[in-house]
Amino acid sequence: MTTASDSRDELIALLQLAYSGELAAAHAYRGHWHSVRQTDERESIRKIEEDEWRHRKLVGEMLAGLGAGPSKRREIRAAIIGRTLGSLCHVTGWLAPMYGAGKLESRNVREYETAARYARDCGCFDLIDCLLEMAEVEWDHEFYFRSRVKEHVLGRRLPLWPQPPPKVTIRTSLERESISHSLTEQSPPARARVSTAV
């Protein structure tokens, strides 16, 4: 059975992954928006880069509050990957960066949802709303890149990554789980109920 301590360890590990992931994404998006020509696309991707820096700041604060810090090895690796991807955006054409970004953002939605569950399970309730808000922002990012890929003649023929559930479920699914979890904990064991009835 998973303990609160286990959930806390899992939360820290996932936040460390997200912290470095945001670094890689921010660097990649910086190269990405510099590589596109349309003004509205440049602005949209530039704003997404800003979101990634903001998320990194928030995740860093969460790690500090948990008495942890980033993984140096992951940080170095993320910086290299992010800058490399950002540079490649200038030579790979328009579709590949859009496709790769959408697939990445889809994963990020699930990561922040999972982190919110770990936060709940280890009693860090003050982190849940922020984690869910970041999941919702990543959902918006995924939606943007998915829509852009679908507008491309070749993109419409590509098999897309699994589509996340509707945005509203990010909060409602956790709320339902929390209510169910709470009722289970409050419910007395079956044996105790039978003996009381007798």
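Student: At what angle do α1 and helix α3 pack, and how many Å apart are their axes?

Tutor: This is a predicted model, in which local features need pLDDT of at least 70, side-chain atom pairs count only at pLDDT 80 or more, and totals for chains, interfaces and linings use all residues. Residues are numbered from 1 along each chain as its sequence is written, and side-chain values use heavy atoms, with hydrogens and water left out. Helices are DSSP runs (H or I, at least four residues) numbered from the N terminus, and axes are lines fitted to C-alpha atoms over the stretch in contact, with angles from 0 to 180 degrees between N-to-C directions. For α1 and helix α3 (residues 72–88), the axes lie 7 Å apart and the packing angle is about 25 degrees.

Student: Are α1 and α3 roughly parallel or roughly antiparallel to each other?

Tutor: Angles under 35 degrees count as roughly parallel and those over 145 as roughly antiparallel, while 65 to 115 is roughly perpendicular and the rest oblique. With an angle of about 25 degrees, α1 and α3 are therefore roughly parallel.

Student: How do α4 and helix α5 pack, roughly parallel or roughly antiparallel?

Tutor: The axes of α4 and helix α5 (residues 128–151) are 8 Å apart, and the angle between them is about 160 degrees. The two helices, α4 and α5, are therefore roughly antiparallel.

Student: Is A119 buried or exposed?

Tutor: A119 is found in helix α4 (residues 95–121). Buried means under 20% relative accessible area, exposed over 50%, and partly exposed in between, using a 1.4 Å probe and protein chains only. Because its relative accessibility is 0%, A119 counts as buried.

Student: Which residues does A119 contact, leaving aside its neighbours within four places in sequence?

Tutor: Contact means heavy atoms within 4.5 Å. L11 in turn touches A119, along with L66, A115, Y118, C122 and L127, not counting residues up to four places away in sequence. With its neighbours within four places left aside, A119 is in contact with L11, C124, F125, L127, I128 and L131.

Student: Which residues have the most contacts inside the largest nonpolar core?

Tutor: A nonpolar core is a set of buried Ala, Val, Leu, Ile, Met, Phe, Trp, Tyr and Cys residues joined through side-chain atoms within 4.5 Å. The largest has 26 residues, and α1 (4–35), α2 (39–65), α4, α5 and α6 (169–186) each supply at least two residues of this core. Those with the most contacts inside it are L11, L15, L127 and L131.
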